[in-house]
Amino acid sequence: MTIEAIRTICRSLPEVTEDVKWGHDLCFCIAGKMFAAIDLNPPHALGFKCTPEEFAELVERPGIVPAPYMARNMWVLEERLG
């Protein structure tokens, strides 16, 4: 998966905005609430919010870990786009 593919998916949702924050993270929000962020620096990690049920399932997959600082809010991190 590429950054452009992620942008296409996220931008297909209603009222999505995107912005670069912290100098290198492309962030996607709805009504001011962030739901996904991509590190624009290689290897392009992708963090996103999920439900508690999805969180438990996703962190069992190789390459997906609880997102640093945000795991308590049900965010996971795919360490490399792929």
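Reader: Leaving aside its neighbours within four places in sequence, which residues is K21 in contact with?

Author: This is a predicted model, in which local features need pLDDT of at least 70 and side-chain atom pairs count only at pLDDT 80 or more, while totals for chains, interfaces and linings use all residues. Residues are numbered from 1 along each chain as its sequence is written, and side-chain values use heavy atoms, with hydrogens and water left out. K21 has its place in strand β1 (strands are DSSP runs of E of at least two residues and helices runs of H or I of at least four, numbered from the N terminus). With contact meaning heavy atoms within 4.5 Å, and with neighbours within four places in sequence left aside, K21 is in contact with C27 and M34.

Reader: Is K21 buried, partly exposed or exposed?

Author: A residue is buried under 20% relative accessible area and exposed over 50%, and partly exposed in between (1.4 Å probe, protein chains only). K21 has a relative accessible area of 25%, so K21 is partly exposed.

Reader: Where is W22 found, and what is its relative accessibility?

Author: W22 is found in the loop between β1 and β2. Leaving aside neighbours within four places in sequence, W22 is in contact with C27 and M34. W22 counts as exposed, its relative accessibility being 59%.

Reader: How far apart in space are W22 and D39, C-alpha to C-alpha?

Author: In sequence, W22 and D39 are 17 residues apart. Their separation in space, C-alpha to C-alpha, is 9.8 Å.

Reader: Which residues of α1 are buried, and why do they lie on the same side?

Author: The buried residues of α1 (3-11) are I3, I6 and C10. They lie on the same side of α1 because they cover an arc of only 60 degrees around the axis, the arc being that of the directions from the helix axis to the C-beta atoms. An α-helix has 3.6 residues a turn, so residues three or four places apart point the same way. The residues asked for, which share that side through the arc of only 60 degrees, are I3, I6 and C10.

Reader: Leaving aside its neighbours within four places in sequence, which residues is A36 in contact with?

Author: A36 belongs to the largest nonpolar core. With neighbours within four places in sequence left aside, A36 is in contact with C10, L26, C27, F28, G47, F48 and W75.

Reader: Which element supplies the largest share of the lining of the largest pocket?

Author: A pocket is defined on a 1 Å grid over the protein atoms alone, as an open set of points where a 1.4 Å probe fits, with protein on both sides within 12 Å along at least five of seven lines; lining residues have an atom within 4 Å of a point. The largest pocket is lined by 15 residues, of which D25, A37, A67, P68 and L77 lie nearest its centre. At least two lining residues come from each of β3 (33-39) and β6 (75-78). The largest share, 4 residues, comes from β3.

Reader: How much space lies in the second largest pocket?

Author: Residues lining the second largest pocket include I6, F35, L58 and E78. A volume is the space filled by probe spheres set on grid points joined across faces, edges and corners. For the second largest pocket, that space is about 240 Å³.

Reader: Which two residues does a cis peptide bond join?

Author: Most residues other than glycine have a negative phi, and most peptide bonds are trans. P43 lies in the loop between β3 and β4. The cis bond has an omega of about 15 degrees and joins P42 and P43.

Reader: Where is Y69, and what is its phi?

Author: Y69 lies in the loop between β5 (64-66) and β6. Y69 is exposed, with a relative accessible area of 73%. Although Y69 is not a glycine, its phi is positive, at about 70 degrees.

Definitions and conventions
A nonpolar core is a set of buried Ala, Val, Leu, Ile, Met, Phe, Trp, Tyr and Cys residues joined through side-chain atoms within 4.5 Å.
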